[in-house]
Amino acid sequence: MKMIPYEDLIVRKSFLLPFRGGEIWALEVDALSLHTKLATEKFKQDIKYAWRPSTTSRVAIHLKDTGLNDTFINAIVDGLKGSKGNIVRVAFIGVEPEYVNTLREALAKNTSGIAFQFFKDYEKGKEWLLP
């Protein structure tokens, strides 16, 4: 993955996405290159929305063109566990192939009760979240 200069990054806002009569929390941490500290901080802030009991239990985490390190992976695991059962399904969108197995293993060990799947295509991820 190529390092993009910090000043050239576009940090997108996460948002509630209406889909098929339901809602998906679209957590946008994509295109942050190897700026994993920024990505980790953004994820920690944005995942808190999904912890609220009145919010959606389905989350799409968009990670295309964002690198993962152990700190960021731990933040993802902790963020999902922090929902205390409120999050039931998570679609990971665009995770770079070299990070999929590491993230999958960390999630399988630490997030029982949460179904997760990896997708290259955002639409397929949304369809899996709300069939």
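Which strands do the buried residues of α4 pack against? The close-ups below, all taken from a predicted model, start with that one.

**View 1. Helix α4 and the strands it packs against.** Helix α4 covers residues 122-129, and its buried residues are Tyr122, Gly125, Lys126, Trp128 and Leu129. Look down the axis of α4 and you'll find these buried residues within an arc of 160 degrees, so they line one face of the helix. Here's the handy bit of background: an α-helix has 3.6 residues a turn, so residues three or four places apart point the same way. As for the strands, the buried residues of α4 pack against β1 (15-19), β2 (22-28), β3 (58-62), β4 (89-93) and β5 (115-119).

**View 2. The start of α4.** Zoom in on Asp121 here: one of its side-chain oxygens comes to within 3.0 Å of the backbone nitrogen of Glu123.

**View 3. Ser14, in the segment before β1.** Is Ser14 buried or exposed? Its relative accessibility is 16%, and buried means under 20%, so Ser14 counts as buried. A polar atom of the Ser14 side chain sits 2.9 Å from the backbone nitrogen of Glu28. The Ser14 side chain also makes a polar contact with the side chain of Lys42, at 3.5 Å. Leaving aside residues up to four places away in sequence, Ser14 touches Trp25, Ala26, Leu27, Glu28, Lys42 and Asp46.

**View 4. Lys37 in helix α1 (residues 36-51).** Lys37 has 63% relative accessibility, so this residue counts as exposed. Now find Thr71: it is 34 residues from Lys37 along the chain, and the two C-alpha atoms are separated by 8.3 Å.

Methods: Residues numbered from 1 in each chain as written. Predicted model: local features only at pLDDT ≥ 70, side-chain atom pairs only at ≥ 80, totals over all residues. Heavy atoms only, no water. Buried < 20%, exposed > 50% of the residue type's maximum accessible area, 1.4 Å probe, protein only. Helix = DSSP H or I, 4+ residues; strand = E, 2+ residues; numbered from the N terminus. Arc of directions from axis to C-beta. Contact = heavy atoms within 4.5 Å. Polar contact = N/O pair within 3.5 Å; in protein donor to acceptor, adjacent residues only side chain to side chain.
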